[in-house]
Amino acid sequence: MAYSEKVLDHYENPRNVGVLDKNDDSVGTGMVGAPACGDVMRLQIKVNDDGVIEEARFKTYGCGSAIASSSLLTEMVKGKTLDEAGTIKNSDIAEELALPPVKVHCSVLAEDAVKAAIDDYKSKHK
Amino acid sequence: MKLPIYFDYAATTPVDPRVATKMMECLTTTGNFGNPASRSHEFGWHAEKAVEVARKQVAELINADPKEIVWTSGATESDNLAIKGVAHFYKKKGRHIITCKTEHKAVLDSCRQLEREGYEVTYLTPEANGLIDLKKLEAEIRDDTVLISIMHVNNETGVIQDISAIGEMARAKKIVFHVDAAQSAGKVAIDLASMKVDLMSFSAHKIYGPKGCGALYVRRKPRVRLEAQMHGGGHERGMRSGTLAVHQIVGMGEAFRIAREEMVEENQRIQQLRNRLEQSLMQLEEVYINGDLEHRVAGILNISFNFIEGESLLMALKDLAVSSGSACTSASLEPSYVLRALGRSDELAHSSIRFALGRFTTAEEVEHAIHLIPDKIEKLRELSPLWEMYQDGVDLSKVQWAAH
């Protein structure tokens with residue numbers, strides 16, 4: 001698979017790998033995908049009192065483009081409000097990384113991950 | 001040492017320089033370029049002679065009569081000719097075929113085509129080690145079974161089936177037995193004087209010959225009949241028409257000659273290298289070898305690194321040319337059907353890597369791989385949420401995943 005420079009860069013030097021405390025009220029966790037499908041993505045966001053995402057962490061089991069999509073996603077959500085982050089589309093990620101058509105589902109997974117993380121955070125603050 | 005290192009000898013092999021030399025003698029005006037079917041002049045006679053030498057060289061590796069060798073374009077064509085040819089010829093006798101789920105697509109897709117034509121096919125599930133339980137095979141034999149097709153060595157796992165035993169069973173019931181030997185010729189001893197195999201497919205490019213050339217062994221005693229799939233000038237006793245590709249055939253003959261003379265020694269050397277690689281990788285946590293440890297060819301190591309997806313590992317191992325059973329490396333986006341037929345979980349199938357060592361693999365190359373892999377595994381596991389969960393004692397099989 002011939003990947004773009006951007007995918008290779010995120011794959012070689014993934015940004016914001018790690019874990020946040022999922023029991024912390026300011027943290028939202030989204031885990032999407034399944035091992036049987038070959039990709040599992042976990043995105044965590046830490047939201048400050050102003051409703052702005054100040055930190056993001058990921059871990060991903062999956063192919064190079066799944067890893068790159070989630071790494072890019074952590075950069076994209078940082079500094080965004082929850083509402084802004086909720087508008088991130090898979091096409092934004094696919095375009096930025098120039099994903100080949102068979103890898104577009106990786107960007108869909110990333111969009112699902114950010115939505116799941118936001119939902120998790122909101123469920124803690126009902 | 002040149003990078004990347006080629007560890008994909010089960011996909012194809014480079015042509016042995018000795019083979020290339022022989023092939024180049026069959027191309028230009030000063031060479032043996034004639035059409036072996038030309039009976040009216042020397043050019044044709046010389047070409048025919050070269051083809052017959054090659055036919056003998058192929059036959060000698062497998063202890064067969066040269067008259068039993070039919071040239072084809074490769075093992076895929078040989079499989080098609082054997083399976084469709086037998087099924088069509090014996091269709092009045094019966095329309096049931098037995099094969100195995102782990103066969104090469106050339107066999108499986110030929111069988112699928114016959115199903116569309118109204119034949120019935122039984123696809124055996126192998127045991128977890130990749131071997132076929134002979135009792136289960138016997139239980140599937142029916143009065144209208146006309147053909148059993150089982151490969152000798154599996155291309156993904158390297159597992160060697162007991163084709164001698166299957167041959168005995170098939171012969172006793174007067175069922176034609178076809179074996180795809182693309183991965184076994186030159187790696188495992190084949191003696192068709194004693195093995196009751198009726199048809200056997202060969203490829204040149206898996207054993208240091210050229211691509212685009214193969215052969216089908218068709219037994220003469222007892223005689224096996226085929227319906228031709230390619231019609232034309234009646235070459236190859238009517239079983240496969242088409243002008244013979246002399247340079248390819250000469251190359252295949254030479255490759256088989258070399259294999260016959262060198263395979264015992266070569267396999268010992270390759271096995272030592274494979275074992276070194278295997279023992280080293282088995283030191284890592286959560287790795288699994290796919291396929292039987294004992295009934296396996298020397299050069300293949302199929303291994304799953306749990307909690308890492310195969311394609312991402314291929315990217316990390318870009319200095320090593322290997323292949324993976326991961327869905328992401330296949331056009332179909334399905335993980336390896338061979339590993340799934342062995343009952344391996346989808347996760348382990350996605351996580352599998354095949355190392356295939358061969359004639360030109362060196363100890364230095366193997367040591368480089370051994371040096372490289374553990375770091376890459378660690379790095380990818382650091383990225384893997386599954387590895388983290390495993391370390392935390394989470395039972396992944398009990399997690400409710402949002403499948404997509």
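**View 1. A parallel strand pair in chain B.** Strand E3 (residues 96-100) and strand E4 (residues 120-124) of chain B run parallel and are joined by five bridges; strands pair if DSSP finds at least two bridges between them, and helices (H or I, at least four residues) and strands (E, at least two) are DSSP runs, numbered from the N terminus. His96(B) has Glu120(B) as its bridge partner in E4(B). Between E3(B) and E4(B) the chain passes through helix H4 (residues 105-116) of chain B, in a right-handed β-α-β crossover, that is, with the strands pointing away from the viewer, the path from the first strand over the helix to the second runs clockwise. This is a predicted model, in which local features need pLDDT of at least 70 and side-chain atom pairs count only at pLDDT 80 or more, while totals for chains, interfaces and linings use all residues. Residues are numbered from 1 along each chain as its sequence is written, and chains are lettered from A in the order in which they are written.

**View 2. Helix H2 of chain B.** The buried residues of H2(B) (20 or more other C-beta atoms within 10 Å of their own, C-beta atoms being placed from the backbone) include Ala47(B), Val51(B) and Leu61(B). They pack against strands E2 (69-72), E7 (199-203) and E8 (214-218) and helix H7 (246-281) of chain B. After H2(B) comes Asn63(B), with a positive phi near 55 degrees.

**View 3. Where chain A meets chain B.** In contact (C-beta atoms, placed from the backbone, within 7 Å) are 23 residues of chain A and 24 residues of chain B. On the side of chain A that touches chain B, E1(A) gives the most, with four residues.

Notes:
A residue is buried if 20 or more other C-beta atoms lie within 10 Å of its own, exposed if 12 or fewer, and partly exposed in between; C-beta atoms are placed from the backbone. Two residues are in contact if their C-beta atoms, placed from the backbone, lie within 7 Å.
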